[in-house]
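Hello,

Here is the structure we talked about passing on. My notes on it follow below.

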Amino acid sequence: MQHTHPADAGGQLALTFPDVPRLELDQLLAQLVERAREVMSTQERLRGLLRANQMLIGDLTLPAVLRRIVEAARELAGARYAALGVLTPDGQLAELVHAGISAELLARIGQAPPDGGLPRRLEDPPGGSFLGIPVRVRGELFGNLYLARSSRGEFSVEDRELVTALASTAAVVIENARLYEAARTRQDWLRASAAITRGLLSAGLTSASGATELTGATQPLRTIADSCREIASADLVTVLLPTEDGAELRVEIAVGCVGAEALAGQRVALAGSLSGRVFTSGRPIRISRAPEQPAPHPLASTVPDLGPVLVIPLQGSQRMHGVLTAARLRGGAGFSAEDLDMAAGFANHASVAIELAEARAEQQRATMLGERERIAADLHDHVIQRLFATGLSMQSIAGGLADGPHRERILTAIEDLDDTISQIRTSIFQLHRGSRAGPAGVRVQLLEVVNDLAAALGFEPSVRFAGVFENVFPDAVQQDLLAALREALTNIGRHADAGTATVAVTATSARLSLTVTDDGVGIGLSTRRSGLANLRRRAEQHGGSLTVTALEPHGTRLTWSIPAN
């Protein structure tokens, strides 16, 4: 009931309220003010969520995005500690991004468990609180966002809702960062493929027929390995090529972690090995982590700390060139399906570039051999014939002259012409060397012995041939002839201190002779004795002999001679 009071000065009646209704009104006003404050706080939290979202979209590189997500979640929820555990496709922890946690604290509370969570001591902080929110990208669990020790004592339902909303935005940003990273990586692979193609086609390969010859062209393979290691962020990259018998793979190139160079030359069996399976099938293989297989990498026994690995075939249009492997150390992030796809495309491009370089080198080699054949034919058909005709004419003139100085000079010139013809014939055989398929003849083998020992001698001896050698002497005779030449030149290199040497090989119907002459210090008192005994034994086995003559003023002539039949 309303109460009335006496009239006031204006003659109006004054209204009054009892105490209880007044208290109710005060409470309503207080609630209204509290609600207004909550609305203002909610607006401020929403502004914080907007600021956090703006923080996330400031960069497209994935590491920076993950760091921003953790920092934004920590600020938004008022947490002291925040962390994002990134998971591999098989649910293992790949990376732990944290904020507010010092290195000393992380070492004290322990490392993260393999399920992607935070260390247990951080999940149950003393006098604090804990909040965990999953981050899903396209329906797949990317990782877990963890917050600990709220500045308000406990995380509220509103905190969970805000962090969940932030996680949804983070998922979109992560997906965009992944796409950006994949596009940039693919561009790097394509750029590396183009660079390798340009390098191979501009320089070509030094040898170009079969896997064995490709082994010598290590620079293009090293370029491929270095590019793969850089782009794939691998700790070890190897290139394996098949051996001559095709039963094994040999490590031709190894780049990366400490000791990688020592892996070159090691062999891996095709049967029962991961690299052998890839080489045989032509299908690449990806191993996400080390426990999937006892020895996931072909060289795991040599480098035991290897973990995730890619094994990719170097497959050309006609044949399999080899195998490319890229590995990270144990505990490193696993390779993704996109990594495998892009690395396989890079390997295919590199294989095509190798084949193009091989074809170009083969064409150049064919051109060079054709030119050698032409030069050899011109020397034989024109130069030698004209020299021979000149020698016959001079011999005819000498036959009509009486004995005297003029006749001696003409005969000496005829001998010089014979020596010149012999040298030209040797040059012709050198031009033919290696231009024909099949086993090398005895002339070519003798020239190879001379070339092999030229570095030890410090000079290249001159070689002269006279007579017919091919398909005349038994294999045993040819092998002893080669051994005699090698022994004679080796002795010169070790003991004679010579500046020049001449090798003359003569085959007649009666004898086969090898004469090696040098301008060194001579036989000496105790040098070359064991070698000379070997040479004499080889000659006597065929009924021949060995003679060694000291020349004046210095030098030595060695003659190794056996009967022709």
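In β17, T559 is the bridge partner of T547. Strand β16 (residues 545–550) and β17 pair in the antiparallel sense over six bridges. Here two strands pair if DSSP finds at least two bridges between them. Helices (H or I, at least four residues) and strands (E, at least two) are DSSP runs, numbered from the N terminus.

Before going on, the basis: this is a predicted model, in which local features need pLDDT of at least 70, side-chain atom pairs count only at pLDDT 80 or more, and totals for chains, interfaces and linings use all residues. Residues are numbered from 1 along each chain as its sequence is written, and side-chain values use heavy atoms, with hydrogens and water left out.

The hairpin of β16 and β17 has five residues between the strands. G555, in that turn, has a positive phi of about 120°. P553 also lies in the loop between β16 and β17. The peptide bond from E552 to P553 is cis, with omega near 0°. Most peptide bonds are trans.

Strand β15 (residues 511–518) also pairs with β17 (residues 556–563), antiparallel, over eight bridges. D518 stands opposite T556 there. Strand β15 holds S513. S513 has a relative accessible area of 18% and is therefore buried. The cut-offs are: buried under 20% relative accessible area, exposed over 50%, partly exposed in between (1.4 Å probe, protein chains only). The S513 side chain makes a polar contact with the side chain of S561, at 3.3 Å. A polar contact is a pair of N or O atoms within 3.5 Å; within protein, one must be able to donate a hydrogen and the other to accept it, and residues adjacent in sequence count only if both atoms are side-chain atoms. Leaving out residues up to four places away in sequence, S513 touches A504, V505, T506, W560 and S561. Contact means heavy atoms within 4.5 Å.

**Strand β6 and its partners**

Strand β6 (residues 140–150) is mostly covered, with eight of its 11 residues buried. Strand β3 (residues 79–87) runs antiparallel to β6, and seven bridges join them. G85 has N144 as its bridge partner in β6. Strand β5 (residues 130–137) pairs with β6 as well, in the antiparallel sense, over eight bridges. V135 stands opposite G143 in β6. The hairpin of β5 and β6 has two residues between the strands, and R138 there takes a positive phi near 55°.

R149 is in strand β6. R149 is not a glycine, yet its phi is positive, about 60°. At 23% relative accessibility, R149 counts as partly exposed. Most residues other than glycine have a negative phi.

How many aromatic pairs does a search of the whole structure find? One. The ring centres of F130 and Y146 are 5.7 Å apart and the planes are at 25°, so the pair is stacked. F130 lies in strand β5 and Y146 in strand β6, so the pair ties together parts that are 16 residues apart in sequence. The rule: rings of Phe, Tyr and Trp (its six-membered ring) pair if their centres lie within 6.5 Å; planes under 30 degrees apart count as stacked, over 60 as edge-to-face and the rest as tilted. F130 is partly exposed, at 30% relative accessible area. Y146 is buried, at 11%.

**Two helices**

The buried residues of helix α8 (residues 274–281) are L274, S275, G276, V278 and F279. Their cover includes β7 (236–242), β8 (248–256) and β12 (320–329). At the start of α8, a side-chain oxygen of S273 reaches to within 2.9 Å of the backbone nitrogen of G276. Just after α8, G282 takes a positive phi of about 80°.

Helix α11 (residues 442–457) has 16 residues and should span 22 Å at 1.5 Å a residue; its end C-alpha atoms are 22 Å apart, which agrees. The expected span is 1.5 Å times one less than the number of residues. Among the buried residues of α11 are V442, R443 and L457. G458 follows α11, with a positive phi near 90°.

**The whole chain**

The chain has 13 helices and 17 strands. Buried residues make up 40% of its 565 residues.

Best wishes
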